[in-house]
Amino acid sequence: MTEIVEAPAGYSGHGFFTTKLEDAVGLARKNSIWPLPFATSCCGIEFMATAASHYDLGRFGSERLSFSPRQADLLMVMGTIAKKMAPVLRQVYEQMAEPKWVLSMGACASSGGIFDTYSVLQGIDKIIPVDVYVPGCPPRPEQVLDGIMRIQELVQKEEFGRRKSPEYLKMLEGYGIK
């Protein structure tokens, strides 16, 4: 973390501080997340409320919504995902640049919700890895903000080499991602 030390002899400035590069990069990433909303139903409306002025997603550094997977680093999956849509969602995830995170919002994205049918994917974690789950049907904006803050904690604490570690690469292989 940040450590305050005495100024060297001959230094006439107001002061200085030292920190680790990983901490500085983590702080910058934490406060500049670009989410990609992938909304298919009512959870998307709750997300719109979260991004509006009353809850103000912008105060978390996430006001710049990206509708291009190549420019986003947080995939927010909201609502029911049909099995026909699963390959599209997987392709969107694979087009995102590393590092990337996934937030599953609502009961339908997390577990299929009340739709236990042949045509509905019973949780997006069947096709892509999920970092944070936000429960609810639909979740309140406060819950969405809590999920964003949990993603921020993950982003800030992530080590530089985690995405290249053998454990992480093995987990991706389990999803069929190379």
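## Cores and sheet of a predicted model

The largest nonpolar core has 21 residues, and Leu75, Val77, Leu89, Tyr93, Ile124 and Ile128 touch the most other members. A nonpolar core is a set of buried Ala, Val, Leu, Ile, Met, Phe, Trp, Tyr and Cys residues joined through side-chain atoms within 4.5 Å. Buried means under 20% relative accessible area (1.4 Å probe, protein chains only). This is a predicted model: local features need pLDDT of at least 70, side-chain atom pairs count only at pLDDT 80 or more, and totals for chains, interfaces and linings use all residues. Residues are numbered from 1 along each chain as its sequence is written, and side-chain values use heavy atoms, without hydrogens and water.

Helix α3 gives the largest share of this core, 4 residues. A second, separate core of 19 residues includes Leu57, Leu74, Met78 and Val144.

Next, the sheet. Four strands form an open, parallel sheet in the order β1-β2-β3-β4. Strands pair if DSSP finds at least two bridges between them. Helices (H or I, at least four residues) and strands (E, at least two) are DSSP runs, numbered from the N terminus.

| Strand | Residues |
|---|---|
| β1, edge | 35-39 |
| β2 | 74-78 |
| β3 | 101-105 |
| β4, edge | 132-134 |

β1 and β2 are joined by 5 bridges. Pro37 has Met76 as its bridge partner in β2.

Glu46 sits in helix α2. Glu46 is buried but has no salt bridge. That would need a side-chain nitrogen of Lys or Arg within 4 Å of a carboxyl oxygen of Asp or Glu. Arg140, the nearest side chain of opposite charge, is 4.3 Å away.

Methods. Contact = heavy atoms within 4.5 Å. Axes fitted to C-alpha atoms, helices over the stretch in contact; angles between N-to-C directions. Buried < 20%, exposed > 50% of the residue type's maximum accessible area, 1.4 Å probe, protein only. Lys, Arg positive; Asp, Glu negative; His and termini not counted.
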